[in-house]
Amino acid sequence: MPIGYPPGAGRDANVSAVLTITNEDGYTLSTDPDRLDLDKVYTWLSTDAYWAIGRSRDVVERAFAESLAFGVYRPDGRQVAVCRAVTDRATFAWLCDVYVDRAERGRGLGTWMVGAACDALTARNNFRLVLATNDAHGLYAKLGFVPLPHPERWMELRKQ
């Protein structure tokens, strides 16, 4: 199922197909923004994600509003994981804010979520997906991620 805007439609068209996948354990992955539990996502990121400690609620809301979010939900509907893609929906995506509830870790949900996100994004012709991690290089390598071939080409501008 395609994700994003149809060919010829600009961002203002605001047309987006929702992706929904259910795994063998009954967990569901969905890109439906209405299913996101932003209270939970905000708590996870601002209190337990090393890259986002202290992030404000406003910033979380704006970041998810302007991104393609992938949520994972238990069979009872409770959200247990999230990640988002910052993307032009054509050639590039940055996968970020990958988080799995501590009580649900060890079940392969993060790998499944990121793999599904990568499949969905590359199906829409994103030829380059990037992410950054402090401690999960091995996990992402299983999904095909490799170190940047030319990191010297990448630059960063940080403003506080």
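In the predicted model, 6 strands form an open sheet of mixed pairing, in the order β1-β2-β3-β4-β5-β6. Strands here are DSSP runs of E with at least two residues, helices are runs of H or I with at least four, and both are numbered from the N terminus; two strands pair if DSSP finds at least two bridges between them. The edges are taken by β1 (20-22) and β6 (128-130), and each has a single partner strand, so one side of each is left without a neighbour in the sheet. From one strand to the next the twist averages 20°, with angles running from 0 to 180 degrees between N-to-C directions of axes fitted to C-alpha atoms, for helices over the stretch in contact. Residues are numbered from 1 along each chain as its sequence is written. Local features need pLDDT of at least 70 and side-chain atom pairs pLDDT 80 or more, whereas totals for chains, interfaces and linings use all residues, and side-chain values use heavy atoms, without hydrogens and water.

Strands β2 (residues 28-30) and β3 (residues 68-73) are antiparallel and share 3 bridges. S30 stands opposite G71 in β3. Helix α3 (residues 109-123) packs on the sheet and touches β1, β2, β3, β4 (79-87), β5 (92-100) and β6, its direction making about 160° with that of β5; contact means heavy atoms within 4.5 Å.

The 15 residues of α3 reach 21 Å from the first C-alpha to the last, close to the 21 Å expected at 1.5 Å a residue, the expected span being 1.5 Å times one less than the number of residues. After α3 comes N125, with a positive phi near 75°.

Residues touched by V72, beyond four places in sequence, include L29, V80, L109, W112 and M113.

S67 lies in the loop between α2 (57-65) and β3 and, at 10% relative accessibility, counts as buried. A polar atom of the S67 side chain lies 2.6 Å from the backbone oxygen of A63. Beyond four places in sequence, S67 is in contact with R84, A85, V86 and R89.

Key:
Buried means under 20% relative accessible area, exposed over 50%, partly exposed in between (1.4 Å probe, protein chains only). A polar contact is a pair of N or O atoms within 3.5 Å; within protein, one must be able to donate a hydrogen and the other to accept it, and residues adjacent in sequence count only if both atoms are side-chain atoms.
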